[in-house]
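Have the sequence and the 3D view open side by side. Let us walk through the inside of this protein.

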Amino acid sequence: MEKLRATGRLLRYSPKASIFDRRLCPNSGKSIHSSASGYRNGLGKKCGDEIIRKWNVRTCFGLYGSQGRNLRDCMERGVVEDMRRMQHRGFGSVVEKVQRDASFSTLNSDDISYFKGVLGEKNVVEDEERLAIANTDWMHKYRGSSKLLLQPRTTEEVSQILKYCDSRSLAVVPQGGNTGLVGGSVPVFDEVVINMSMMNKVISFDKVSGILVCEAGCILENLITYLDNQGFIMPLDLGAKGSCQIGGNVSTNAGGLRLVRYGSLHGTVLGLEVVLANGDVLDMLGTLRKDNTGYDLKHLFIGSEGSLGIVTKVSVLTPPKLFSVNVAFLACQGYFSCQKLLVEAKRKLGEILSAFEFLDSHALDLVLNHLDGVRNPLPPTIHNFYVLIETTGSNETYDREKLEAFLVHAMEGGLISDGAIAQDINQASAFWYIREGIPEALMKAGAVYKYDLSLPVEKMYDLVDEMRTRLGDSANVVGYGHLGDGNLHLNVSTPQYDDKTLAQIEPFVYEWTSVHRGSISAEHGLGLMKANKIFYSKPTATVKVMASIKKMLDPKGILNPYKVLPHSIDSHN
């Protein structure tokens, strides 16, 4: 660190020695260097007489420090009422009025009797309170009116459900953890909810290849914990990991914090088992990294949001757990410096770079003002931009020296004006809590309009600047996201929902993204919210091919209707 001191801009964080400093607790195995999942998966692990507290938002839906409760727990224990009071109705996008498809049948007593015969009484849910939860997305932006929730335990049961629903023209909506942001996992009208939570078994794990095979209802965080005990990690990490399920992750092609290192699920998912609308089971549950026999159909279902089939089992390639993890929280004066820093990080950190996140001063200010226990890591100044860099490797000394040399070079080159390297797991958790706590801080601030966009990195922040100019003092425009893979989370925060504000945002935000050849959905999917917006990112000919695939696999359109594809393709001009 002497080189850093010589620059006159000390990279520092907490001058006091910590019990979690690996040098002071060398046998703990619980320092920041103990695991690639490290601080994000270190809940309740001990070092001496102290307990390492998991500071990060266990799930970005684990509101108010819910101490490990997942989304369903929070809803059932009354946290929902606090969310309602806090959020009002302002999370929106313009959603065109949808008419119920008249070709779909209405549920009757014979249908319910059939399902009870297949699943048993307790797995056919008609209770109003439980249905209220299943009918509503976590942000209370979308609310359906389903009268029935089914909980299958096996692929065969899913097959029997769909075969019957297809014969009766009963529309269904597959549901996992219900943590989506675009209305994809809740009914629009009276669709039957097929909840996958009871299909939650790990089927096999090969320690030689690192290939995990599991059922679709496995909660992501449970898989992370399971693999951690095996010496491996999931290639996917999300703020919602305490509630979301792997089947839903695959069906939405969830991105998350590790994409810059491990790539998307299109690369790490090796195989799927999927049940089609007519009940046919597609066994594509391969565990081979190479299989070049015909069309690789699993890719049709990754990201299809349950509109082509219901994922029941997943085979995923998991990387080995590496024990050297470092986290730095850095300040930049301009967005150009953030871009340049990314380029330099890819070149100089190379194989150990595992995360590169950015946030602006507006995002940090929200976190400091709305989340308890958060302090500015780089006091007393509030800088224009911040970057969080994580490295993961196998050689603690080499990795640390490599990161420090990179930061010295970046400081001397004027790319960063201040920064801190976490010295232990608590400090690393505190850094990550700032980044992962932004969605919670935004909700506590009032109404928020959320947009998940992919853009060329050099253009990402131009949209934020233009939106600020467009809205003026009427809103707080916040920009943050996964800079390493060009994913901007644009959020417009206002005291309350206002149609005039929404009209200023949309369709401008989609038009701007389209002009700059971006995607209107980077990782959240299209769902109901953006189904009719797909043409901003895909040409009509492409969408027509998508519709033809949907028609072939689901002729009656019973799978997650009104989602993903536009309600009228031919009318698009």
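Predicted model: local features only at pLDDT ≥ 70, side-chain atom pairs only at ≥ 80, totals over all residues.

Residues are numbered from 1 along each chain as its sequence is written, and side-chain values use heavy atoms, without hydrogens and water.

How many cavities of 30 Å³ or more are there? The count is six. A cavity is a set of points, on a 1 Å grid over the protein atoms alone, where a 1.4 Å probe fits but cannot get out. Volume is the space filled by probe spheres set on the points.

The largest cavity holds about 910 Å³. Its lining has 48 residues, each with an atom within 4 Å of a point. Closest to the centre are Thr 179, Gly 180, Leu 238, Thr 252 and His 524. Helix H8 (246–252) gives the largest share of the lining, five residues. Among the other elements that supply at least two are strand S5 (172–175) and helix H15 (425–436). Helices (H or I, at least four residues) and strands (E, at least two) are DSSP runs, numbered from the N terminus.

Now find Ile 194 in strand S6 (residues 192–195). Ile 194 counts as buried because its relative accessibility is 0%, and buried means under 20% relative accessible area (1.4 Å probe, protein chains only). Beyond its neighbours within four places in sequence, Ile 194 is in contact (heavy atoms within 4.5 Å) with residues including Ile 161, Val 172 and Ile 310. Ile 161 lies 33 residues away along the chain, yet the two C-alpha atoms are separated by 8.7 Å.

Conventions. 1 Å grid on protein atoms, 1.4 Å probe; cavity = no way out; pocket = protein on both sides within 12 Å on 5 of 7 lines; lining within 4 Å. Buried < 20%, exposed > 50% of the residue type's maximum accessible area, 1.4 Å probe, protein only.
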